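I'll jot things down as I look them up.

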Amino acid sequence: MEVIVAEHAGFCFGVTKAVETVYDQIGAGKTGNIYTYGPIIHNETVVSDLEKKGVKVINSIEDLKKSDNFSNSEHNSGDQSKGTIVIRSHGVTRDVQAALEKTGLEIIDATCPFVKRIHKVVDTESSNGKRIIVVGSANHPEVEGIVSYANGPVYVIESPEEAQKFSEKKDLDYTLVSQTTFNKKKFQETVEIFKNNGYNINVVNTICNATDERQTEAEKIAAKADVMIVIGGASSSNSRKLYEICSKECDNTYFIQTLDDLHLDLHDDVKIVGITAGASTPKNIIEEVQNYVRTNF
Ligand code: F3S
């Protein structure tokens, strides 16, 4: 039996940078608390390791105010001993950014440059009078952040089906961007629908390279594999999309978070097992799964 592990599996550049940023802060011997705005990564093992090292996850400004040490009146705005907050690779909304700046915490922005680029496109294009269409999941933090940079009307389209139902004015100009991890085939389909329905859209394909390479490779491996394993966090959007892509090519596709979730029953006719992983899956988990498959079957 052959086991094929995708080369583009696991941490992407943006996630690596964000995680390293937090570990660097721990090592820097800061006096105040270290916070991350939302879990730094969709991976419970990494997040709980950081928690053990004292990193606190906050999900809102209110959480921050409730956190110990924070409301201590000795620490006022601009006082870095109050603590440090790391913004994760998804980025945050404009309002959250402004609110964080008011807290007086030291802000370390680990927003992925590919996400920052979308913020800039949306800001500029909407200031030039274009209506913005974001292709992605409306309640994903990255999309919430992108939407907040529009200085005018903005629409979120989650699927080609929704694009088909879109019925805004056709005599206006639109700029269309995408969530960085959107399924690229569905993105192309969505764009075609807008064009065929007569909308004047300027398309800026903002699916990041890491996602593009990961999806293309996963699809190729799944097409020839008898069994495909996708490793990723349950709430990781890019991992779920990988699962969706692989399932289309391979009926026996498994979606697992760690080796514990894998209950494989491989028949003799299984010749190729493929393995890929989302952007927030650490290398050691991929290796564990790979070793398990190689040694047990
Ligand atoms: Fe950045 Fe792409 Fe990763 S947008 S965080 S490199 S999936």
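This is a predicted model: local features need pLDDT of at least 70, side-chain atom pairs count only at pLDDT 80 or more; totals for chains, interfaces and linings use all residues.

Salt bridges come up first, so I noted what counts as one: a side-chain nitrogen of Lys or Arg within 4 Å of a carboxyl oxygen of Asp or Glu. By that rule I get nine salt bridges in the structure.

**Entry: R94 and D123**

I looked up the pair R94 and D123, whose side chains meet in a salt bridge at 3.1 Å, N to O. R94 is in helix α4 (residues 94–103) and D123 in helix α5, so this pair ties together parts that sit 29 residues apart in sequence. D123 comes out partly exposed at 26% relative accessibility. R94 is partly exposed too, at 28%.

**Entry: α8 and α9**

Which residue does K184 form a salt bridge with? I found D212, with the closest N and O atoms 3.1 Å apart. K184 belongs to helix α8 (residues 184–196) and D212 to helix α9, so parts 28 residues apart in sequence are tied together here. K184 has 24% relative accessibility and counts as partly exposed. D212, at 28%, is partly exposed as well.

I then looked up K185, which forms a salt bridge with E219, the closest N and O atoms being 2.7 Å apart. Again a residue of helix α8 is paired with one of helix α9, so the pair ties together parts 34 residues apart in sequence. K185 is partly exposed at 48%, and E219 is partly exposed at 21%.

**Entry: cavities**

How many cavities of 30 Å³ or more does the structure hold? I get three. I listed 28 residues lining the largest cavity, with C12, V15, S89, T181 and A279 nearest its centre. Helices α1 (13–27), α5 (113–127), α9 (209–224) and α10 (237–249) each give at least two residues to that lining. Sorted by class, the lining has twelve nonpolar, 13 polar and three charged residues.

**Entry: the ligand**

Where does the ligand sit? I traced it to the largest cavity. Around the ligand I wrote down C12, G14, V15, S89, C112, F114, T180, C208 and T211. I sorted this shell by class too: five nonpolar residues, four polar and no charged ones.

How values were computed: Residues are numbered from 1 along each chain as its sequence is written. Side-chain values use heavy atoms; hydrogens and water are left out. On a 1 Å grid over the protein atoms alone, a cavity is a set of points where a 1.4 Å probe fits but cannot get out, and a pocket is an open set with protein on both sides within 12 Å along at least five of seven lines; lining residues have an atom within 4 Å of a point. Grid points are joined across faces, edges and corners, and a volume is the space filled by probe spheres set on the points. Helices (H or I, at least four residues) and strands (E, at least two) are DSSP runs, numbered from the N terminus. Ala, Val, Leu, Ile, Met, Phe, Trp, Tyr, Cys and Pro count as nonpolar, Asp, Glu, Lys and Arg as charged, and the others, Gly among them, as polar. A residue is near a molecule or strand if one of its heavy atoms lies within 4 Å of it. A molecule sits in a cavity or pocket if more than half of its atoms lie within 2 Å of its grid points. Buried means under 20% relative accessible area, exposed over 50%, partly exposed in between (1.4 Å probe, protein chains only).
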